[in-house]
Amino acid sequence: MCLDSSRSRESGGRGLGLANVKRLLDSHHGSVSITTSSPGGSRFTLCRQV
């Protein structure tokens, strides 16, 4: 389900964004988590060691 109607595979999206974010954070010993956000949608939390 995509809440942003301006983004779709038909408009050129490939669905690789989060996979690339995870790969980048993994290589820097970081993490990404996705949780449900109130009042709706998703919350993306990115953590990286400094």
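In what order do the elements of the protein chain run from the N terminus on?

## Overall arrangement

The order is α-β-β. The protein chain holds one helix and two strands; helices (H or I, at least four residues) and strands (E, at least two) are DSSP runs, numbered from the N terminus. This is a predicted model, in which local features need pLDDT of at least 70 and side-chain atom pairs count only at pLDDT 80 or more, while totals for chains, interfaces and linings use all residues. Residues are numbered from 1 along each chain as its sequence is written, and side-chain values use heavy atoms, with hydrogens and water left out.

Of the 50 residues in the protein chain, 8% are buried, where buried means under 20% relative accessible area, exposed over 50%, and partly exposed in between (1.4 Å probe, protein chains only).

## The hairpin

Strands S1 (31–36) and S2 (42–47) pair in the antiparallel sense over six bridges; pairing requires that DSSP finds at least two bridges between two strands. Threonine 35 stands opposite arginine 43 in S2. Five residues lie between the strands of this hairpin, and glycine 41 takes a positive phi near 90°.

Serine 37 belongs to the loop between S1 and S2. Serine 37 is buried, because its relative accessible area is 14%. Not counting residues up to four places away in sequence, serine 37 touches Ser42 and Arg43 (contact means heavy atoms within 4.5 Å).

Histidine 29 is found in the loop between helix H1 (17–27) and S1. With a relative accessible area of 62%, histidine 29 is exposed. Although not a glycine, histidine 29 has a positive phi of about 55°. Most residues other than glycine have a negative phi.
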